Amino acid sequence: MTKRIVIPVGPQHPALKEPASFDVTLKGERVADILVKVGYNHRGIEKGCEGRPYLHCVYLLERVCGICSHSHSTCFIQAVEELANVKIPEKASYIRALFGELERIHSHLLWLGVAAHEIGFDTLLMYSWRDREVVMDLLALLAGNRVNYTVNVIGGVRKDVTEEEKGQILKAVDILEERTKYYVRVATEEVSFIERLSKVGYISYEDALRLGAVGPTGRASGIKRDVRKDDPYAAYEEIDFDIITDDHCDVYGRAVVRVKELLQSYSIIRQLIKKLPQTPLSVNVPKNIPAGEAVSRYEAPRGEDIHYVKSNGTDKPDRVKLRAPTLANVQAVAKMLENGNFADVPIVVAAIDPCFSCTDRMIVAANDVLSEKENRMTWKQLREFSINWYKKNKGVDFSKIKKSDKHI
Amino acid sequence: MHATDIALQIKNKYSSSVVGINVQRERRLWLELVAGDFRKCFERLIKEDGFEILVTITGLDTGEKYEVIYHMSDKEGRVLNIKISIDRDNPAVSTITDLFPAAELSERELMDLLGIKVEGLPEGRRYPLPDNWPQGQYPLRKDWDPSVLDKKIEKSGDKND
């Protein structure tokens, strides 16, 4: 009988950038059993939302994840808008979808790089991350930030897309599409890539269904499920696109699904830009949200994101619950690793694209160029500015809101 | 079939166990069940009515009682939110991990954050709170006072040293 050895992988591990721990029991080189421990990144955000005004929750929830920040803020805001019974202007739903797709592109390109790195294919990492800069620059141009775009406001979006920006988006999409076609060739023709990833991290259709795999992880096992089609939100009902599935059921399949989804995203963006309606950007939503409950779903780059919001008639939610797609996929990972090679652990875990805490970079305001007086605001000034802005533009008075003692 | 028809069908089928059913919109149904009949109805709702996908489980404290909501979905993207109410003294639900293994983390969340006992859930590592989190402190309970925590964590930290 072969001796069994338990090797702890994580919580800190050179291959995985986020804390998650896997106790891997080995029988020879093969994984016999696996014990997953997550929760190292629990920051009490759900609790933090209680006792904070809805407006503050938007900013807080946007910081659940650096990569899919737009997903969480949109998902939450959709629930709040349903509770407040407001319909956002058409243009706002188009712009939300536009940012959603740009976010998907940057997330999938990021994943491609990480996956390539895990299998020692660093040329592909350099290529895909270089190309990812195209979409990151585009996001910075459109929203002012590479991550945490804060495009959503309750009742719509805060920012329009100008004619000039439309041209820049289309130009960037053309570049990215050409590059992605090359990645499709790499994924389907490059022998070392195919050989390395095929039959690694296998999970059958039945198991993926039973364990609740979502997003590209589920779709690579043939589960034809996508919230954008199943339960359309934003502008997706008016957009024509396909759900990409694959029947390889392994890491290779997950790579193919993601690369092909990129091509779908480019087509979606072109349609959104072409059809972008001319309506106002947002509607006013009262500060107090009527009592009720709402569930909102969103197809984040990694899979289905879901938010439950319970309101009580005040300006603060009673309960906010969120489930990010990684949580739904983490049990599927344990199954994928079973009987696999120990050396495959990093790539199999990376293949579900677990949410890394990624803060790309900080943009420091150009204080040197502008005089201090013009450019700097104290916290108090900033608060006053925002209160006046909301009073003037939205007809909502936030001046009564004070930091509650209950805040943690 | 429209959501209203589905609601009517569920209401007739499980009439004695239904506390209330409400159609919020085409893809959002809210069903409240008698806690004692939950398990029995839940299995049938999965097998017979097509709500076979577990999306997530939410636990909440309304002040008077606890509520657990099982968010289920069918293939058409309809979400059926099944709610049960639980007494504040000795709160407990039965596990659904035999039907959905993926429910484990959500059920551990109920235990950790609300102190709801999940009967039938095998022993395992806690989630999502840290291992040195003090006993009997459930942050999502409305009467929970976070200031207690600073002292307790310090204390338990001392012990570990």
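## Basis of the description

This is a predicted model, in which local features need pLDDT of at least 70 and side-chain atom pairs count only at pLDDT 80 or more, whereas totals for chains, interfaces and linings use all residues. Residues are numbered from 1 along each chain as its sequence is written, chains are lettered from A and ligands numbered from 1 in the order in which they are written, and side-chain values use heavy atoms, with hydrogens and water left out.

## Chain B as a whole

The secondary structure of chain B comes to four helices and seven strands, where helices (H or I, at least four residues) and strands (E, at least two) are DSSP runs numbered from the N terminus. Read from that terminus, the elements follow the order α-β-β-α-β-β-β-β-α-β-α, and the C-alpha trace spans about 60 × 30 × 25 Å along its principal axes.

Of the 161 residues in chain B, 49% are buried, a term that stands for under 20% relative accessible area, with exposed over 50% and partly exposed in between (1.4 Å probe, protein chains only). Among the contacts of chain B with a separation of 6 or more, 47% join residues 24 or more positions apart; contact means heavy atoms within 4.5 Å.

## Helix 3 of chain B

Helix 3 (residues 104-114) of chain B is mostly covered, with nine of its eleven residues buried; among them are B:Leu105, B:Leu110, B:Leu113 and B:Leu114, as well as the charged B:Glu107, B:Arg108, B:Glu109 and B:Asp112. The cover over these buried residues comes from both chains and includes strand 8 (317-323) and helix 12 (325-337) of chain A, together with strands 3 (53-61), 4 (66-73), 6 (92-94) and 7 (117-119) of chain B. Just after the helix, B:Gly115 takes a positive phi of about 70 degrees.

## Strand 5 of chain B

Seven of the eight residues of strand 5 (residues 79-86) of chain B are buried, so this strand is largely enclosed by the rest of the structure. Strand 2 (residues 28-33) of chain B pairs with strand 5 in the parallel sense over five bridges, pairing being assigned if DSSP finds at least two bridges between two strands, and B:Glu32 stands opposite B:Lys83.

Strand 4 of chain B pairs with strand 5 in the antiparallel sense over eight bridges, with B:Ser73 and B:Val79 as bridge partners. These two strands form a hairpin with five residues between them, and B:Gly77 in the turn has a positive phi of about 85 degrees.

## The three-stranded sheet of chain A

In chain A, an open sheet of three strands has the order 6-7-8 with antiparallel pairing. Strand 6 (292-300) and strand 8 stand at the edges, each with a single partner strand, so one side of each is left without a neighbour in the sheet. The twist averages 15 degrees from one strand to the next.

Strand 6 and strand 7 (residues 303-311) of chain A pair over nine bridges, and A:Tyr298 stands opposite A:Asp305. Helix 3 (residues 69-84) of chain A lies across strands 6, 7 and 8, running at about 150 degrees to strand 6; axes are lines fitted to C-alpha atoms, for helices over the stretch in contact, and angles run from 0 to 180 degrees between N-to-C directions.

## A:Arg104

A:Arg104, found in helix 4 (residues 90-118) of chain A, is buried with a relative accessible area of 0%. Its contacts, not counting residues up to four places away in sequence, include A:Arg228, A:Glu261, A:Glu299 and A:Ala300. The C-alpha atoms of A:Arg104 and A:Ala300 are separated by 7.3 Å, although the two lie 196 residues apart along the chain.
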